[in-house]
Amino acid sequence: MIEGITILPGLDKAGSKERFEKLTLIAGETVSIVGPTGSGKTALISDIELLAQGDTSTKRRILINGEVPAEEVRYNPALKPIAMITQNTKCFTDLSTEEFLHIHAKARKIVDKKIILDTIELANKFTGEKINKETRVTVLSGGQTRSLLIADAILIGAAPVILLDEIENAGIFKQEVIDIIQSTSKIIIFVTHDPVIALLTKKRIIMENGAVKKVLCQNEFETKAAENLLELDKRVGFIREELRAGNEITKELISVSFA
Amino acid sequence: MKLLVIAGPPSAGKTSLTKQIIKRFKDELRVAFLKIDVVKAYEDIELSREFQIMTRKIYSGDLCPDHAGVMVLGDAVEWAESKAADLFIVESAGLCLRCSPYLNQGLGVVVLSSMAGIHTPEKMGAMVSLADIAVVTKIDLISQAEREVLIQKIKDVHPNVILMETNALQGTSLHRLYELISHSEDIDKDNLYLKGNPPIGTCTICVGKKEIGWKHHFGVVKKLDGQIAEYLYRGE
C-alpha cells in the first residue's frame, strides 16, 4: 500500500540545494508540475520513476511511506509502484500490440489474459484512430502510442502512482484520460503546460532552474476558473475535430461553439 | 586487484558506462583500462586524457576478437598488476556473438541499449546468459512499458542476472553497480578461466581457406540440412 511518496531536496542547475525541506504527495492526490522548458519538470518525474536515492543528476531522494524503498522495489518491474508515460510517441519494439502487452503483463506478473484486450479497448477510448491487436507498435501514430501507453499504465502497470509527461501534446482525448484517472485513489502527477490540467490538480509544483521553486494548493477561485476553461477547451476541441475531419468552419458552427 | 569485464555490441554505451565507473572510483582506487577492438578504438586516449588513468588498447586485426582477448588477457592482467592497479576494467567489442569474454572471477557486465531490437537479448547468446550484471542504457529514449518489455526478454534469457537501467551519459541509478564493484573480491591471477566454452577448434576456415561450401573444407563441416556431430557444442 502506498499512502504517500516524499521528495527530499536535491540540487538546482547551479548546484545549490533546493529550498524545501520535504514534499509529500498522498494517495488520491492530483499534482501538476509546471514551469518553462528546461526548468527541470521531466527530471523531477524521472527521479520519482527511478525512485532516486541521490544517484541521479539532481541528487534528489524519494521515499515511499516515509521510508527508503527496498532495492528490489527499485529494480523489479513487477514490484514497481510507479508507471510513467513519457513524452515519447514512438515505440521501437518490433511486436504486435497484443504481443507487446502480453510481455508487459508477464513482466508485471499478471496472469489474466483478458487484460490485453481490455487495455486495447481502453486505449481506443483515448484516441480517434482505432488500434487493432494485430497492429505492430512500431507503426502506431503518436496519438495511438500515447493512448496505448496510458491505458497500459492504468491497467497493466496498475501502479498506485502514475506520472504523465505532457499528455496534452499527443492528439488524444485528454478529458477522457483525466476523467478515468481522477476516479481512482492513485497519486497522479502531470507535467504540463496546459492551463486546464494545471488548474484541475489539487497541488501545483512550480519549477525553475532545475529546482522546485514553490508549491501551491488549488483554491476555490482557481477551481471555478478551471471549470470555465474546461468549457472553452471543449469548444476548441470540437472545432479541432471538425478541422481534422476535413470540414469547413461555418458561421453557424462558430456561433454554436462560442455562443 | 578487482576485475571488471564489460561487453556489449557497438554503440550500446559501454564507454559511457565505463566513464561513470571510473569517475566514481578514480579517487579511491587505482584504475587501469584495456580496450580490445578490431579495427579502430579511441577509448584509451579518451579515458587517459579525461581521468589520467592507465590505459592500453589492442587491435585483434585478422584474429577473432574474442580469441585475441583470451590471448592477451593474461599479459594484460600482469601489466595492470605491475602498475599496482586496484581495479582493472576490460572493455571488449562483442561482435560475432558466439562467445563471451567473462571470466570465472571478477564481474562480467553486459551493456544493452534500450533501442536495440526486442530479440537482441536472445541473439546475443552467451554475452547475456553468462553475464553477472546486465545494464540497460539510453532509458530516457523509450517508454517505461517498453523498458519493462526489454527487461522481461533479458530475464527470459538469464533469469538470475542482476539487472539495472541507466542513462549512462548522466550515470543515473548506478549505486547498485558501484556497490557490487566495491564488494567484488580481488582476483587470483593464476586461476583465471573463461566462463563460456570457446568455439570448436581449428578448421580450414580458421586457417584462411576462402572457398564456399562444405565440400571444399575438412575438419568440422556443417551442411545446410542435416545434423552436425553429436559431440559438438551448440551454445549455452
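A residue is called buried here when its relative accessible area is under 20%, and in this predicted model that cut-off settles the standing of B:Ala12, which counts as buried because its relative accessibility is 2%. B:Ala12 lies in the loop of chain B between strand 1 (2-7) and helix 1. Once the neighbours within four places in sequence are left aside, the contacts of B:Ala12 are with B:Val111, B:Leu112, B:Ser113, B:Thr137 and B:Lys138. As for another residue of the chain, B:Val128, 116 residues separate it from B:Ala12 in sequence, while the C-alpha to C-alpha distance between the two is 13 Å.

Staying with chain B, we can turn to helix 2, which spans residues 43-51 and in which B:Glu43, B:Asp44, B:Leu47 and B:Phe51 are buried. These residues lie on the same side of helix 2 of chain B, because the arc that they cover around the axis is only 95°. The cover over the buried residues of this helix includes helix 1 (14-25) of chain B, together with strand 2 (31-37), strand 3 (54-59) and strand 4 (87-92) of that chain. After helix 2 of chain B comes B:Gln52, a residue with a positive phi, near 50°.

With a relative accessible area of 8%, A:Ser96 is buried, and, when residues up to four places away in sequence are not counted, A:Ser96 touches A:Lys133, A:Glu134, A:Thr135, A:Arg136 and A:Val137.

Helix 3 of chain A, residues 97-107, packs with helix 5 of chain A, residues 142-155, at an angle of about 30°, and the axes of the two helices are 12 Å apart. Since angles under 35 degrees count as roughly parallel, helix 3 of chain A is therefore roughly parallel to helix 5 of chain A. Their crossing is right-handed. On the side of helix 3 of chain A, the contact is made by A:Thr97, A:Phe100, A:Leu101 and A:His104, and these meet A:Leu148, A:Leu149 and A:Asp152 of helix 5 of chain A. Sorted by class, the residues of this contact between helix 3 and helix 5 of chain A comprise 4 nonpolar, 2 polar and 1 charged.

Technical notes
Residues numbered from 1 in each chain as written. Chains lettered and ligands numbered in written order. Predicted model: local features only at pLDDT ≥ 70, side-chain atom pairs only at ≥ 80, totals over all residues. Heavy atoms only, no water. Axes fitted to C-alpha atoms, helices over the stretch in contact; angles between N-to-C directions. Helix = DSSP H or I, 4+ residues; strand = E, 2+ residues; numbered from the N terminus. Parallel < 35°, antiparallel > 145°, perpendicular 65-115°, else oblique. Left-handed = near helix turned anticlockwise from the far one by under 90°. Contact = heavy atoms within 4.5 Å. Nonpolar A, V, L, I, M, F, W, Y, C, P; charged D, E, K, R; others polar. Buried < 20%, exposed > 50% of the residue type's maximum accessible area, 1.4 Å probe, protein only. Arc of directions from axis to C-beta.
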